[in-house]
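Please look through the sequence and the model below before reading on. The report that follows takes up a few places in turn.

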Amino acid sequence: MFDTVLIANRGEIALRVIRACRELGLRSVAVYSEADRDAPHVGYADAAYLLGPAPSSESYLNIPRIIEVAQQAGAGAVHPGYGFLAENADFARAVAAAGMVFVGPPPEAMERMGGKTAARREATNAKVPLVPGTLEAIDDLAEIRRLGDEFGYPIAIKAVGGGGGRGLRVVRAPDEIADAFASARREAEVAFKNGALYVEKYLSNPRHIEIQILADTHGTVVHLGERDCSIQRRHQKLIEEAPSPALTPALRAEMGLCAVRLAQSVGYVGAGTLEFLFEAGHFYFLEMNTRIQVEHTVTEAVYGIDLVKAQLRIAQGEPLWLRQAELTPRGHAIECRINAEDPLHNFRPALGTITSYREPAGLGVRVDSGVRADYAIPQFYDSLLSKLVVWAESRPEAIARAQRALADYEIGGVITTIPFHRAALAHPGFAHGEVSVNFIGQHPELVEQARAFAPPAPEPADLVETGEPRLFTVEVNSRRFGVKVFGAAPAVAVGATPAKAAGGNTKRTTNTKKTALGPKVDGVLSPIQGRIAAVRAEPGQQVEAGQILFIIEAMKMENEITAPHAGTLGEVRAQVGTTIEAGGILATYSSH
Ligand code: MV4
């Protein structure tokens, strides 16, 4: 038994776990990095500890420091949330070795389902349908070619240690095998330090449907239906719903039983999710997530069960109080992930400070948020700001409610995915439930439709004196000049107006059409704040339009910054390891 829980996470999930602890009468302990000193979860917990000066992206991965703080705080249990260490068996073992309860599955169960081919072998033993493919790693190109002939193309080459699409290559003809294999191996070695690969028949237009299970420490396992998570971009889920418009009650029961059987067969404990691909009325086990998931909320909405409290009660050793026969979904729930990303610019990270914040409310509207007004979004973590979750009696009503709530949701000062969600929920394909994992790729019109919902660019903040001249390209009587402008400028600079025809000075005014980024500079500006991870440019270099010159790391993503036009580079200011602000100048073009 324990009475104090350390939450080894941040953002909305940390707040979510603290709320569950409070409702169960458990004391909560938050941890935070230096970048998160004023993050909302820190002030909400009963106690909070700084993890230390390590670079903020690593603080939440520092196992010895987390264990040390947990013991110092008198925690009897550690909840990992999701991401970070949530599926790290070594962390689960370290928590147990320190005499505390890990709120999650036994490390053995985590490991049995962690590797993709191991999970496939477990699924085979549990008689759970799989996509046709290998149960072991493969590195014989001739054997892969034989499998391609056997399965028919396309086939998928995947990373054994993989997940989230990294190391996934789709092969559509035999002559693509060698390059795809080599490329997948390289990516897998970098991403997972494990280059082992396996092969499957590739399903070209599946839905992504996952089953939620709960397992107690006494061998009882139940399922709580499915979530349809097909609307994804680059393997990041954006919209999830429960139940799936594609499932019949019979299919739901069949998938649920498979999930329960597989979880039971590996001795699973706690909350877990089994992911399936669903195509043409058939489902195929893909992988298992041995943690609570971001989108657990839509299951809670339709089943009326608090899954995080269930995790804590199971960790306390309580027998499951749920009976499978009593678990039937009611109504329909939709979750929209509100990310600090710009849907009008390829969902690139859009950092900044939240200048105004107002959440939607009303019957069937829930917001799990990790932010507030006047909050500066740290560049080190993923882009999730909050989750809007709506519930209604029917799917059409849930869609209408979600649209109303999205229209009410005000987040000033930061670009978010809200316009994308409004466009997606308005799309007839979504309304008709005609969605697969290719939905976003199949509907490029969504970006234009999102533009209609996009708020005006953020108001420029106060003038700031940078001490640095700003470079402008101006035309006077059609002659082009490069000029330096000194003096204060808006922190989020607006575009300069061209010099007066009579050769007057460049006059900085607030354009009627505000731009969100820096002044017009004949150079390469960073569209986002982040850490410069790579510089592929040098003074005097001839560059082509679209050539990748810099890599900026932000929100755990690498963003390629390309040359806006062909030309010769003048100054290259970017230095690897330094931080660049949104609108900052990475390089200039030579003016002659
Ligand atoms: C697949 C697949 C189709 N056929 N495997 C993507 C990452 C990981 N969750 C497994 N994924 C997939 N595996 C086979 N044999 C489709 C996906 C998939 C997907 C693929 C491409 C683009 C987006 C996707 C989103 C979810 C699942």
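Predicted model: local features only at pLDDT ≥ 70, side-chain atom pairs only at ≥ 80, totals over all residues.

Thr4 belongs to strand E1, which covers residues 4–7.

Leaving aside residues up to four places away in sequence, Thr4 touches Arg27 and Val29, and also Ala73, Gly74, Ala75, Gly76 and Ala77. Arg27 in this list is 23 residues from Thr4 along the chain, yet the C-alpha atoms of the two are separated by 4.5 Å. The side chains of Thr4 and Arg27 also make a polar contact with each other, at 3.4 Å.

## Domains along the chain

The domain assignment of the chain gives six entries by number: domain 1 spans 4–103, domain 2 spans 132–201, domain 3 spans 206–330, domain 4 spans 334–458, domain 5 spans 461–510 and domain 6 spans 523–589. Between the C-alpha centres of domain 2 and domain 4 there is a distance of 35 Å.

## The ligand and its shell

Which residues are the closest to the ligand? The ligand is surrounded by 15 residues, and the closest are Lys158, Glu200, Lys201, Leu203 and Gln232. For Lys158, a polar side-chain atom lies 2.9 Å from a nitrogen atom of the ligand, while for Glu200 an N or O atom in the side chain is 2.8 Å from a ligand nitrogen atom. Leu203 takes part through its backbone, where an N or O atom lies 2.9 Å from a nitrogen atom of the ligand.

Taken alone, the ligand exposes 520 Å², and the protein buries 90% of that area. The elements that give two or more residues to the shell around the ligand are strand E8 (197–201), strand E12 (270–279) and strand E13 (282–289).

## Strand pairing around E26

Strand E26, made up of residues 530–535, pairs in the antiparallel sense with strand E31, residues 579–580, and this pairing runs over two bridges. Within it, Gly530 stands opposite Ile580 in E31.

E26 also pairs with strand E28, residues 548–554, again in the antiparallel sense and here over four bridges. In this pairing Ile532 stands opposite Ile552 in E28.

Key
Residues numbered from 1 in each chain as written. Heavy atoms only, no water. Contact = heavy atoms within 4.5 Å. Polar contact = N/O pair within 3.5 Å; in protein donor to acceptor, adjacent residues only side chain to side chain. Pairing = 2+ DSSP bridges. Domains from an automatic or database assignment. Near = heavy atom within 4 Å. Areas by Shrake-Rupley, 256 points an atom, 1.4 Å probe, with all protein chains shown as cover.
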